[in-house]
Amino acid sequence: MASLADVLLSRRVQEMVINGEEPESLYICRHEKQAPSPLAPIPIIDLNLLSSSTEEEEELHKLKSALCSWGCFQAINHGIPSCFLDQLRHVTREFFQLPMEEKNMYRKGVQEVEGYGGDPSPEEGQFLDWQDRLLLTVYPQDLRDTKFWPQNPISFREDLENYTCKMRMVTGIVSKSMAKSMQLEENCFLDQFGERAAMQARFNYYPCCQRPDIVLGLKPHADGTGYTIILQDEVEGLQILQNQQWFTVPTLPNALLILMGDQMEQIMTNGIFKSPVHRVVTNTEKARTSIAVFYTPEKHKEIGPVDGVVHEERPAVFKKVKDYEITHWEYYQRGMRALHIAHV
């Protein structure tokens with residue numbers, strides 16, 4: 001017999017909103033008074049300056065400071081034209097505005113991960129997120145399951161292919177820059193990720209919700225990735241926990257929010273960088289979309305603290321691990337973090 005969570009996840013949140021339905025009990029996750037969250041003063045890093053002979057050192061210092069304090073930064077001048085980012089946002093909205101029966105051509109099973117729908121059922125006692133999403137493996141190419149790649153909007157597949165190429169370029173720049181900011185060999189993180197480092201693209205749709213005081217678009221968590229690259233639209237909603245307070249991430253039109261995941265922040269850097277817990281709040285008036293690209297070490301590749309971050313004054317805090325993201329997901333489904341499994 002299907003559980004209530006399975007029944008709800010077999011439907012779409014967007015469909016519930018269209019039908020005027022109130023959130024079911026499994027979506028109710030909090031009872032806090034909703035006070036306005038201040039905007040997070042997240043550092044803005046100019047990726048173009050990271051290759052400047054005169055300003056590189058100052059920008060690298062800002063980068064390291066951002067990752068040690070916030071665990072994320074807003075990347076500008078990343079080489080991706082603003083018109084293309086606008087196009088990507090446009091096709092994302094277009095997809096979620098398609099008739100339900102057309103979107104359901106790409107639907108996933110309740111317990112499957114890839115495809116259109118909600119995340120798999122969490123363990124008993126955990127609430128559901130007020131969102132629909134389309135999750136696709138985009139790299140390596142031979143791991144793609146193209147039956148989930150929409151043929152409508154017409155340009156969706158081509159746009160995603162182009163964005164994947166641009167994301168590979170960005171991860172190369174960012175990974176090298178993070179290493180240089182720590183005065184490490186510039187390819188040390190790229191070597192840990194490997195030639196077949198995985199990329200998944202998650203297109204998120206957060207419908208309007210009449211009870212934003214009790215319903216979240218995405219539960220609090222830290223990512224199990226190496227790091228995550230997020231393209232937001234103009235609607236605020238992503239929040240980061242800092243010093244026991246939630247801060248709202250500003251929406252910058254042409255910026256990419258680069259948010260460290262457990263494997264990069266904690267394991268590879270031996271705890272020097274921070275792992276930001278984050279969530280998404282709901283909105284009564286505006287639907288919100290975002291595109292997150294998860295960048296993860298290649299399958300079965302062992303990772304651990306890189307050379308130069310373990311020494312007499314800072315002994316190893318984390319051990320070598322493989323496929324951490326699998327264990328992370330198991331704990332995420334219980335509403336928990338998994339970092340303790342990598343502790344020495």
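1. UniProt, in an unreviewed entry, places the feature "domain: Fe2OG dioxygenase" at residues 197–297; UniProt positions follow the numbering used here, feature names are shortened, and annotations may be inferred rather than shown by experiment. The end C-alpha atoms of this span lie 5 Å apart, and the span is 7% helix and 48% strand. Helices (H or I, at least four residues) and strands (E, at least two) are DSSP runs numbered from the N terminus.

2. A word on the basis: the model is predicted, with local features needing pLDDT of at least 70 and side-chain atom pairs counting only at pLDDT 80 or more, while totals for chains, interfaces and linings use all residues. Residues are numbered from 1 along each chain as its sequence is written, and side-chain values use heavy atoms, with hydrogens and water left out.

3. Helix H3 (residues 56–69) is worth a look. Its 14 residues reach 20 Å from first C-alpha to last, close to the 20 Å expected at 1.5 Å a residue (1.5 Å times one less than the number of residues). Glu-59, Leu-60, Leu-63, Ala-66 and Leu-67 are buried in H3 (buried is under 20% relative accessible area, exposed over 50%, partly exposed in between; 1.4 Å probe, protein chains only). They sit on the same side of H3 because they cover an arc of only 120 degrees around the axis, taken from the directions from the helix axis to the C-beta atoms. The face turned away from that buried side carries the exposed Glu-57, Glu-58 and His-61.

4. What do the buried residues of H3 pack against? Their partners are strand E1 (44–46), strand E2 (72–76), helix H6 (156–181) and strand E10 (256–260), with contact meaning heavy atoms within 4.5 Å.

5. The largest nonpolar core has 67 residues, of which Phe-73, Tyr-163, Met-178, Phe-189 and Tyr-227 touch the most other members. H6 supplies the largest share of this core, 8 residues. Such a core is a set of buried Ala, Val, Leu, Ile, Met, Phe, Trp, Tyr and Cys residues joined through side-chain atoms within 4.5 Å.

6. Now the charged pairs: the whole structure holds 14 salt bridges (a side-chain nitrogen of Lys or Arg within 4 Å of a carboxyl oxygen of Asp or Glu). In one of them, Asp-262 pairs with Arg-337, the closest N and O atoms being 2.8 Å apart. This pair links distant parts of the chain, 75 residues apart: Asp-262 in helix H8 (residues 262–268) and Arg-337 in the segment after helix H9 (324–332). Asp-262 counts as buried at 1% relative accessibility, whereas Arg-337 is partly exposed at 34%.
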